[in-house]
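Hi,

Here is the structure I promised to pass on.

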Amino acid sequence: MSTNLEIHSLGMKTGTTLKIKGKVDSDAARFNVNLGNNSNDLALHFNPRFDDSRDGYVIVCNSKSGGSWQSEQREKQLPFSQGSTVKFSIEFKDDKFVIKMPEGVEMEFPNRHNYNHIDYMAVNGGFKVTSFKLD
Ligand code: GAL
């Protein structure tokens with residue numbers, strides 16, 4: 001999967017919200033936003049899928065530790081469509097991430113590694129970021 005944006009000094013702290021705006025590729029199969037320490041240690045892998053054979057359109061969230069995926073959490077709705085411009089936000093709390101998407105769809109994912117600081121962010125696959133900010 002292509003990496004479209006990679007940052008190693010994000011400086012995201014608990015209590016802050018990452019707001020992302022961008023465009024889903026018209027032929028996107030999947031994309032993901034990864035937040036963590038590095039590509040092997042992720043607090044959050046946020047992965048909208050337009051091609052998941054089991055469930056149709058879904059969002060998969062997971063974490064990664066020492067290069068190994070942990071247990072997945074799945075949301076069986078996806079309020080993004082291929083080819084569209086979208087905004088979503090990821091709030092970083094002490095105990096969890098709260099992801100807010102269009103149409104009022106919200107997903108939560110636990111802060112399994114108890115991070116209080118995130119420096120690594122990567123956006124991969126069928127999504128191009130046009131802007132992002134930390135609030
Ligand atoms: C795998 C997939 C990875 C990642 C992971 C999340 O099946 O290949 O890209 O999405 O699931 O659990």
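**Notes on the model**

T16 sits in the loop between β2 (12-13) and β3 (17-24); strands here are DSSP runs of E with at least two residues, helices are runs of H or I with at least four residues, and both are numbered from the N terminus. Before I go on, the ground rules: this is a predicted model, where local features need pLDDT of at least 70, side-chain atom pairs count only at pLDDT 80 or more, and totals for chains, interfaces and linings use all residues. Residues are numbered from 1 along each chain as its sequence is written, and side-chain values use heavy atoms, with hydrogens and water left out.

The T16 side chain comes to 2.5 Å from the backbone oxygen of K13. That is a polar contact (a pair of N or O atoms within 3.5 Å; within protein, one must be able to donate a hydrogen and the other to accept it, and residues adjacent in sequence count only if both atoms are side-chain atoms). Beyond its neighbours within four places in sequence, T16 is in contact with I90, E91, F92, L134 and D135, contact meaning heavy atoms within 4.5 Å.

Now the chain as a whole. It has zero helices and 14 strands. The radius of gyration (over C-alpha atoms) is 14 Å, close to the 14 Å from the globule rule (2.2 Å times the number of residues to the power 0.38) for 135 residues, so the chain is as compact as a globular protein of that length. Along the principal axes, the C-alpha trace spans about 35 × 30 × 30 Å. Among contacts between residues at least 6 apart in sequence, 63% join residues at least 24 apart.

On burial: 45% of the 135 residues count as buried, where buried is under 20% relative accessible area, exposed is over 50% and partly exposed is in between (1.4 Å probe, protein chains only). The accessible surface of the chain is about 6500 Å², and 41% of that belongs to carbon and sulfur atoms; areas come from the Shrake-Rupley method with a 1.4 Å probe, and for residues only the protein chains shown count as cover.

- S89 is in strand β9 (residues 85-92) and counts as buried at 15% relative accessibility. Not counting residues up to four places away in sequence, S89 touches T17, L18, K19, V98, I99 and K100.
- I118 is in strand β12 (residues 117-118) and is buried, with a relative accessible area of 0%. Leaving aside neighbours within four places in sequence, I118 is in contact with L10, G11, M12, L35, G36, A43, F92 and F97. The C-alpha atoms of I118 and T85, 33 residues apart along the chain, are 26 Å from each other.

Finally, the ligand. Which residues surround the ligand? They are H45, N47, R49, N62, W69 and E72, each with a heavy atom within 4 Å of the ligand. Strand β5 (residues 41-52) gives the most to this shell, with three residues. By type, the shell has one nonpolar, three polar and two charged residues (nonpolar: Ala, Val, Leu, Ile, Met, Phe, Trp, Tyr, Cys and Pro; charged: Asp, Glu, Lys and Arg; polar: the others, Gly among them).

Ligand oxygen atoms lie 3.0 Å from a side-chain N or O atom of N47, 2.8 Å from one of N62 and 2.7 Å from a polar side-chain atom of E72. Taken alone the ligand exposes 310 Å², and the protein buries 65% of that.

Cheers
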